[in-house]
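Reader: I would like to learn how to read the strands and the core of a model like this one. Please show it to me first.

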Amino acid sequence: MTKHTVASVDEIPEGEVMGVEVDGIEIAIVNIGGEFYGIQNVCLHRRQRLHTATQERINEEDCITEGPGVINQEECWMTCPGHDWKFDLKTGENPATGKRMRTFEVSTEDNEIQVEI
Ligand code: FES
C-alpha cells in the first residue's frame, strides 16, 4: 500500500466531495465533519460519478440549484446523483441491495489528503 496525495484539506469543505484519480482508479473523497472518506467514484449501478453530487446547476428558469445527490454528515452516507442509490461511506454498502462499492483508507498530513492504494 502506498499513500498518494490527492488534494489539500482546504479544497474539500465539510459536506462536500471531490473526484480524484490515482493510478487510473477514480475515487470520490468526501468530507464528513472534518473526516475524509474515500469511495469508488464510478457507481456500480450505471457508472455515474458520485463526485458530481451536490454540485450547483442551472435549471430551466436560469436559477442556480443543487443537483441530485446528497451527502448526509450525521449518518455518514451519500447518494449517487444518477438514481439516488445510497452508499455508506465507511463500508461502501448500498443498504437496499447489499452490494458494495470499494472504499479506500484516507488520512491527512500537513494539510494534505492522502489515499492509500
Ligand atoms: S448510476 Fe448511481 S444510482 Fe444509478
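Reader: How many bridges pair β10 with strand β11, and in which sense?
Author: Strands of a sheet pair through backbone hydrogen bonds, either parallel or antiparallel. In this predicted model, β10 and β11 (residues 112-116) pair in the antiparallel sense over five bridges. Strands here are DSSP runs of E, at least two residues long, and helices are runs of H or I, at least four long, numbered from the N terminus. Two strands count as paired if DSSP finds at least two bridges between them. Glu 109 has Glu 112 in β11 as its bridge partner. The hairpin of β10 and β11 has two residues between the strands, and Asp 110 in this hairpin takes a positive phi near 50°.

Reader: What numbering and confidence limits apply?
Author: Residues are numbered from 1 along each chain as its sequence is written. As this is a predicted model, local features need pLDDT of at least 70 and side-chain atom pairs count only at pLDDT 80 or more, while totals for chains, interfaces and linings use all residues.

Reader: Which strands make up the open sheet of six?
Author: The order is β1-β11-β10-β4-β3-β2, with antiparallel pairing. At the edges are β1 (3-8) and β2, each pairing on one side only. From one strand to the next the twist averages 30°, taken between N-to-C directions on a scale from 0 to 180 degrees, with axes as lines fitted to C-alpha atoms. Within the sheet, β4 (residues 35-40) is joined to β10 (residues 103-109) by two bridges, and Gly 38 has Phe 104 as its partner in β10. Six bridges pair β2 with β3, where Val 17 stands opposite Val 30 in β3.

Reader: What is the order of the open sheet of three strands?
Author: That sheet runs β7-β8-β9, again with antiparallel pairing. Its edge strands are β7 and β9 (86-88). Three bridges pair β8 (residues 77-79) with β9, and Trp 77 is opposite Asp 88 in β9.

Reader: Which residues touch the most other members of the largest nonpolar core?
Author: In soluble globular proteins, nonpolar side chains tend to be buried together. A nonpolar core is a set of buried Ala, Val, Leu, Ile, Met, Phe, Trp, Tyr and Cys residues joined through C-beta atoms within 7 Å. Here the largest one has 25 residues, and Ile 29, Val 30, Ile 39, Leu 50, Met 78 and Leu 89 touch the most other members. The largest share, five residues, comes from β3. Beyond four places in sequence, the contacts of Met 78 include Val 17, Leu 50, Phe 87 and Leu 89.

Reader: How many helices and strands does the whole protein have?
Author: The count is zero helices and 11 strands. Buried residues make up 28% of the 117 residues.

Conventions. Buried ≥ 20, exposed ≤ 12 C-beta atoms within 10 Å, placed from the backbone. Contact = placed C-beta atoms within 7 Å.
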